[in-house]
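Hi everyone, thanks for making time for this. Let me put the structure up, and then we can walk through it together.

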Amino acid sequence: MTSTTARDRRPLTALATANYLSWIGNTMTLVAVPLYVLDISSSATQAGAAGFANALPMIVAGLAGGVIADRVGPKRTSVVADLAAAACMAAVPLLHGTVGLALPALMALLFLRTLADAPGAAARLALLPRVTARAQVRPETANSLFASAQRVAFVVGPPAAALMAGLTGPTAVLYVDAATFLASALLIMMVPDGGSVRQADAAREAAARPGLRREVTEGVRYILRTPVLAAIISVVVCTNFLDDALTPVVLPVYSRELLGGERAVGLLLAANGIGAVVGSFAYAPASRRLLANRWATFVGCFALICAARLAMVAEPGLWIMLAVSFAIGLASGPVNPLVTGVVERSTPPDMLGRVWGAVMAMAFAAAPVGIFATGWLAQNIGLRTTLGIFGGLYVVLICYLVLNRPLRGLARPAGTETPAQEDAATAR
């Protein structure tokens, strides 16, 4: 059967590029903001407070941002969010260089910047199925390309920010971050909004609906009522709790206590980042045959991560740890594009913003709790015992993946049946 519409890959290219720019800007900010605060105050406490203000709004903003994307349209939401975030980031060095910028004002700007950025991220995810269909490419290919942005950004962004800060000072990095948001907004403007009369009427009706709080909870309720989504998102939340402490806590402490110092941290982080990039990009071609069984892929990725995490308990040397770190990154690479595909196929288009907002909020909420718990456990019972506990929790998680009936429904290759049939199969 031939398509009746011409293939147009420009919107997908624009959306993917905007997503890469936004993620790279975000990861540069993770380095630039603490360096900027230390540069103007020499206070580690103030640097930590600024980082906290930068991350705090992600949970609330993700939930509300998804509703906004569904009400006013994902394209408009993404453009306005990027422009607002760009203005907040540019205001930091501008105010500091003119009238001065007190710490409370800095924290307020960082808070507002993240408050604006989160709806933009949910809106870009809501736009993805539309531009994928227009480009006439496999959803797995588009999802892999889109989800790889986060992996690439964490490899490119922090070193670039540190290098730029060392050469020109952290102020220049903040301007670059603002520029990435501005460029992202301009690129999203090139994406068709599908603004048919019917869609415009639907958007007006959505905007007229009362009860923002009720709509915020709709995304969460939809996930809980859809068995495959409830199962897959619960796994993502658990693994965020277990894994998000790897970079800021586990690898630095492991390097200092067992590998002879902080110099090994950079090598381990590089190995992990490169593995994640390779895994993300490899998923698209591998999903045709080797990784066509999504359930086996999901289980296999987390089984490999589990084995690698348990291997760390044995305290191997640097070279084996580099392989372990690479394996963790490699196995984590296919997870995001796979989850993206499941959410897209299991969610009505008019609810994608709310569902993605709920997914992001739940994922972000688990990460800081896991980081704190890992740090506390490593300090009080030792790193090796902590790794053993987390490895054991991973074994329990693998058993859940194997036994969960809705997840086993993902064994069918994507695209072999309609979303409704998939939902019915996974709900049994």
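This is a predicted model: local features need pLDDT of at least 70, side-chain atom pairs count only at pLDDT 80 or more; totals for chains, interfaces and linings use all residues.

Before the first pair, one definition: a salt bridge here is a side-chain nitrogen of Lys or Arg within 4 Å of a carboxyl oxygen of Asp or Glu. With that in hand, look at Arg113, which forms a salt bridge with Asp177; their closest N and O atoms are 3.2 Å apart. Arg113 belongs to helix H5, residues 103–135, and Asp177 to helix H7, so this pair ties together parts that are 64 residues apart in sequence. Both Arg113 and Asp177 are buried.

The average pLDDT of the protein is 81, and 83% of the residues score at least 70. Confidence is highest in helix H13, residues 294–313, with a mean of 93, and lowest in helix H19, residues 419–427, with a mean of 44.

Now, how many salt bridges does the count come to? By this rule, 9. One of the others is Arg354 with Asp70, at 2.7 Å from N to O. Arg354 sits in helix H16, residues 352–381, and Asp70 in helix H3, residues 58–72, so the pair ties together parts that are 284 residues apart in sequence. Arg354 and Asp70 are buried as well.

Then there is Glu315 with Arg384, where the closest N and O atoms are 3.9 Å apart. Glu315 is in the loop between H13 and helix H14, Arg384 is in helix H17, and 69 residues separate them. Are these two buried or partly exposed? Glu315 counts as partly exposed because its relative accessibility is 34%, and Arg384 also counts as partly exposed, at 47%.

Finally, Asp8, Arg10 and Arg134 are linked in a network of salt bridges. Thanks, all, and over to you.

Methods
Residues are numbered from 1 along each chain as its sequence is written. Side-chain values use heavy atoms; hydrogens and water are left out. pLDDT is the predictor's confidence in each residue, from 0 to 100. Helices (H or I, at least four residues) and strands (E, at least two) are DSSP runs, numbered from the N terminus. Buried means under 20% relative accessible area, exposed over 50%, partly exposed in between (1.4 Å probe, protein chains only).
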